[in-house]
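Here's a quick briefing to read alongside the structure. Have the viewer open and follow along.

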Amino acid sequence: QPGRPTGTITVINGTSRVIDVVLISECGASTYGLDRLPDNVALASGQRHSFVVSAGCWDVDAGSVGYGEARQRLSVAARGTTEYTVTD
């Protein structure tokens with residue numbers, strides 16, 4: 001959001017499957033919104049991807065199409081990095 005300090009969410013794939021969808025929304029939003037991974041990007045086991053967001057509370061939903069998903073609520077500090085490792 002314009003004018004607000006930013007931080008970073010780093011999603012780490014700690015699963016044995018490819019993560020091909022990462023949805024991120026502000027806490028309290030009615031939906032998770034659209035996939036935040038760039039086109040043609042998927043996270044193989046051990047890979048990570050970072051997203052710059054406004055500081056505050058965020059809900060992250062990461063998963064594999066046709067297999068499953070994992071959800072986590074994260075608090076992101078201004079100029080900080082919050083890591084979320086998705087596990088099997």
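In what order do the three strands of the open sheet come? The order is S2-S4-S5, and the pairing is antiparallel. Keep in mind that this is a predicted model.

- Going from one strand to the next, the twist averages 20°.
- Six bridges hold the antiparallel pairing of S2 with S4 (residues 56-64).
- If you want a spot to check by eye, Glu26 stands opposite Trp58 in S4.

**The disulfide**

- Cys27 and Cys57 are the two partners, with an S to S distance of 1.9 Å.
- Cys27 lies in the loop between S2 and strand S3 (48-54) while Cys57 is in strand S4, so the link ties together parts that are 30 residues apart in sequence.
- The link is left-handed, at -75° about the S-S bond.
- Cys27 is partly exposed, with a relative accessible area of 22%.
- Cys57 is partly exposed too, and its relative accessible area is 35%.

- As for aromatic pairs, the count is zero with a cut-off of 6.5 Å between ring centres.

Notes:
Residues numbered from 1 in each chain as written. Predicted model: local features only at pLDDT ≥ 70, side-chain atom pairs only at ≥ 80, totals over all residues. Heavy atoms only, no water. Pairing = 2+ DSSP bridges. Helix = DSSP H or I, 4+ residues; strand = E, 2+ residues; numbered from the N terminus. Axes fitted to C-alpha atoms, helices over the stretch in contact; angles between N-to-C directions. Phe/Tyr/Trp six-rings, centres within 6.5 Å; stacked < 30°, edge-to-face > 60°. Disulfide = S-S within 2.5 Å. Buried < 20%, exposed > 50% of the residue type's maximum accessible area, 1.4 Å probe, protein only.
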